[in-house]
There are 2 protein chains.
Amino acid sequence: MTVLPVVPLDPGAPQLRRPYDPRQPLLRPYVSEAAAFRTGRTTPRAFLEACLARMESDEPAIRAFVSHDLAAARRAADAATTRWAAGRPRSPVDGMPLVVKDMIATADLPTQMNSPIYAGWDARADAACVFALREAGAVVIGKTVTTEFACGNSGPTRNPYDTARTPGGSSSGSAAAVGAGMATLGFGTQTHGSTIRPAGYCGAYALKPTHGALHVGGVAPLAATLDHLGLIGASLEDVWATGMAISRIVGGTPPHAGLAGPELAPDAKRPATLVRLETLGWKETPETARSAFEAVVAALAGAGVTILDRRNDDAVAALEAELEGIGEFANDLLAWESRWPLAAYRAHGPEMVGGRIQDLLARAARLDPASYARALADRQRLRDRVARFVGRADGFVMLCSSGPAIEDHGFTGSRNYALPWTLVGAPAFALPLLEADGLPLGLQIAGFADRDAEACAIAAWLRDTLLPEQEQ
Amino acid sequence: MTVLPVVPLDPGAPQLRRPYDPRQPLLRPYVSEAAAFRTGRTTPRAFLEACLARMESDEPAIRAFVSHDLAAARRAADAATTRWAAGRPRSPVDGMPLVVKDMIATADLPTQMNSPIYAGWDARADAACVFALREAGAVVIGKTVTTEFACGNSGPTRNPYDTARTPGGSSSGSAAAVGAGMATLGFGTQTHGSTIRPAGYCGAYALKPTHGALHVGGVAPLAATLDHLGLIGASLEDVWATGMAISRIVGGTPPHAGLAGPELAPDAKRPATLVRLETLGWKETPETARSAFEAVVAALAGAGVTILDRRNDDAVAALEAELEGIGEFANDLLAWESRWPLAAYRAHGPEMVGGRIQDLLARAARLDPASYARALADRQRLRDRVARFVGRADGFVMLCSSGPAIEDHGFTGSRNYALPWTLVGAPAFALPLLEADGLPLGLQIAGFADRDAEACAIAAWLRDTLLPEQEQ
């Protein structure tokens with residue numbers, strides 16, 4: 001087992017730059033290899049070794065990991081190899097290489113949360129999602145860099161396509177590791193934008209499920225009504241099968257019974273109508289990224305999808321107007337709900353937490369139960385407005401971020417495209433189908449609460465339509 | 001700091017037996033001493049020393065503690081003494097001696113949950129309730145015995161009035177310590193009956209608040225929709241002021257904004273109408289305890305309170321009939337919701353968890369999302385039936401347990417009187433006003449969700465009516 005200290009960015013680390021081609025990503029899809037594992041044409045152990053080889057070559061530049069246990073991972077991959085060869089895999093993700101954001105408890109590796117307060121901390125038991133995936137046979141390679149407590153100082157991770165840029169955050173390490181092909185799947189979390197944004201920046205797929213549909217037990221809490229488990233993966237099929245494996249074994253966060261749908265990703269389904277959303281992020285989005293998005297919308301329309309937008313539909317215009325005001329109440333919800341644990345962390349000494357955490361606590365000190373009730377009501381109004389599209393539209397399409405990853409390692413990027421569906425609490429998928437300025441640009445498909453499988457089917461159709469050669 | 005190993009009952013420990021007199025309990029009320037602290041007639045430090053003297057004399061027989069730090073407690077009491085003398089207490093509970101069930105995280109003392117898996121475990125940060133009470137100035141004496149993970153094997157604690165008997169559980173140590181006068185307040189938890197039952201057995205007051213009204217962050221989770229923070233205390237005034245101090249500083253579990261009401265306990269208020277409940281527990285209740293309860297009901301009627309019961313009111317009869325069937329769905333809710341973390345604990349090896357935990361996991365394995373949905377619907381039906389009494393009655397009166405503490409150290413007693421209001425999720429108070437066979441017998445007053453202060457006012461009136469001399 002190797003455990004690295006909590007460190008900031010290392011300016012002396014090697015640089016890496018490679019152009020992004022959505023048709024040739026670095027990703028390593030796993031679930032699609034099932035037939036090869038069954039016949040022995042390849043094995044989970046060989047699959048793991050390819051991930052570890054990528055880790056050996058790229059990790060010095062990317063710095064996605066804070067700890068790992070490669071010997072344990074190889075043993076787990078060998079066990080999965082044996083099960084597949086015997087025709088008895090535990091699940092479709094048996095043997096899948098997995099990395100775990102360091103906000104999530106593991107029984108074997110420390111859980112450090114990018115904070116000196118938790119240096120070397122032993123959580124003793126696996127979080128629900130980790131427990132479930134181990135039961136399903138997945139192979140834990142290691143723990144990945146998070147921003148401090150998923151809301152504070154950035155970590156040392158850099159973008160796998162251009163190390164001068166951020167990987168996004170707070171699930172920085174999971175997105176970078178998956179995007180670089182060091183693992184098939186990475187656990188992240190999303191409280192404001194921490195899964196969809198980094199997945200988009202790093203050229204990975206992701207699912208931020210319906211709030212509560214994947215159990216957050218053992219994920220260090222930040223803001224209970226906002227915290228989601230996020231799945232960052234090499235394909236839609238990988239994130240879907242992973243979500244269903246978690247749901248089958250540990251369900252959702254009570255009282256949510258868990259993500260529902262087929263064990264493997266549903267068949268692609270053409271939507272009749274999609275809502276095009278610009279959000280507050282459009283104003284920040286550079287022309288190259290806008291053009292890439294406009295090309296998607298044109299392709300959808302060309303494929304016969306009716307597009308509703310702020311210009312042709314009053315309800316969309318009203319929703320866009322509503323989205324312009326979400327920042328303040330989103331900050332109030334985060335600040336109020338995270339008072340504990342953040343204040344308990346600060347009790348170790350004000351110098352033990354970063355400036356962003358101090359700022360959140362200062363904001364919380366200005367709130368009271370009445371202002372919290374107003375913020376909850378504001379969010380409910382947004383949810384009600386989205387729910388009115390049920391029956392009128394099949395989903396929502398927008399970018400994952402205001403353009404590709406920015407050249408800033410202290411800021412993980414604007415949350416404006418990711419925040420809306422966090423607040424709505426309904427499913428959102430990141431699809432790494434676009435490119436701008438030679439960098440990954442994520443496309444986001446969002447749906448309605450507890451209809452995650454329907455959103456996945458639409459996401460699959462978009463992928464097949466925009467990148468048809470991937471169907472082969 | 002002293003940390004004791006996880007141990008079962010010690011049959012060689014000294015015995016203790018003393019008759020219970022509700023007019024002369026061993027309890028140590030704190031909030032009522034405020035004037036004396038202000039004038040210097042006594043001090044928080046002197047108050048603490050009285051608790052520690054009781055601890056020295058009784059703890060060898062009772063075994064309420066698993067760890068303590070008396071030097072730190074004395075320093076904290078001295079600081080509170082200084083603040084009261086300066087006329088600047090941090091809160092009404094500044095300096096109040098507190099003990100913490102060992103299911104609840106503390107930054108200074110280990111959190112061991114009566115399990116070898118967590119021997120010596122350092123949680124690094126205070127749970128929300130502990131953080132809040134330290135901010136409010138309270139003095140943490142130590143951590144108290146819990147049953148294994150609040151649902152498994154019993155610990156070594158014995159009843160403070162008769163060491164041949166159980167203190168109840170799972171909040172065994174907190175109830176015994178408060179009942180014996182070693183502390184004013186003990187944090188407990190209630191998932192089925194773990195606060196109201198032990199408080200009743202040990203001659204202590206308690207508040208099990210509206211579900212979510214007191215933040216459970218940092219309390220090891222068992223079943224999220226059932227887990228409550230419980231306050232076991234020396235008086236109604238102490239538990240109420242403690243609850244409000246917690247609520248002011250950390251609020252409730254999001255999205256609940258927190259317990260609402262006055263900072264100090266509301267004035268006593270005579271109820272016009274109370275519902276007398278027998279529950280499934282009545283059949284188990286011995287004649288001495290039934291007589292004590294009948295005398296209460298007669299006294300209430302004599303004071304002009306209208307009593308609705310299963311014989312004179314159809315709605316009460318229907319509620320009682322409903323309560324007869326709650327055991328099965330309550331077990332299903334507990335088993336399903338506690339799969340994680342219990343399965344993650346068992347992953348340390350089946351020999352590392354007790355038989356009750358194995359049984360819960362076996363029950364969970366027979367459930368599916370449909371059976372969980374049915375259990376949730378069953379509970380909602382119970383809640384709806386209770387809500388129909390709003391406007392018809394002011395509250396509900398019943399026992400805390402099926403008679404006084406039983407002579408069994410392996411079983412913490414029937415949950416039949418405590419379970420209903422756990423499921424209802426509305427406030428319930430334990431009042432140590434009765435005696436049977438020379439032992440404490442708790443009276444329970446229950447109310448409506450988010451109307452905790454109203455239930456407290458009724459509880460205060462009952463206390464003043466049944467024990468009038470305590471008004472002086």
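**View 1. Phe396(B) and Phe448(B), a buried pair of rings in chain B.** Both Phe396(B) and Phe448(B) are buried, where buried means under 20% relative accessible area, exposed over 50% and partly exposed in between, with a 1.4 Å probe and protein chains only. Their ring centres lie 5.5 Å apart with planes at 75 degrees, so the pair is edge-to-face. (Rings of Phe, Tyr and Trp, the last by its six-membered ring, pair if their centres lie within 6.5 Å; planes under 30 degrees apart count as stacked, over 60 as edge-to-face and the rest as tilted.) Phe396(B) sits in strand E10 (residues 395-399) and Phe448(B) in the loop between strand E12 (439-446) and helix H15 (452-466) of chain B, so the pair ties together parts 52 residues apart in sequence. Helices (H or I, at least four residues) and strands (E, at least two) are DSSP runs, numbered from the N terminus.

Please keep in mind that this is a predicted model: local features need pLDDT of at least 70, side-chain atom pairs count only at pLDDT 80 or more, and totals for chains, interfaces and linings use all residues. Residues are numbered from 1 along each chain as its sequence is written, chains are lettered from A and ligands numbered from 1 in the order in which they are written, and side-chain values use heavy atoms, leaving out hydrogens and water.

**View 2. Tyr30(B) meets Phe47(B).** By the ring rule there are 29 aromatic pairs over all chains. In this one, the centres of Tyr30(B) and Phe47(B) are 4.9 Å apart and the planes stand at 85 degrees, so the pair is edge-to-face. It links distant parts of the chain, 17 residues apart: Tyr30(B) belongs to the loop between strand E1 (2-3) and helix H1 (34-39) of chain B, and Phe47(B) to helix H2 (residues 44-62) of chain B. Tyr30(B) and Phe47(B) are both buried.

**View 3. An aromatic cluster with members from chains A and B.** Look here for Tyr118(A), Trp121(A), Phe149(A) and Tyr345(A), which form one aromatic cluster with Tyr118(B), Trp121(B), Phe149(B) and Tyr345(B).

**View 4. Helix H11 of chain A and its cover.** Seven of the eight residues of H11(A) (residues 339-346) are buried, so this helix is largely enclosed by the rest of the structure. Among the buried residues are Arg339(A), Trp340(A) and Tyr345(A). Their cover includes helix H10 (326-337) and helix H12 (355-365) of chain A, together with helix H4 (128-135) and helix H7 (236-250) of chain B.

Conventions: Contact means heavy atoms within 4.5 Å.
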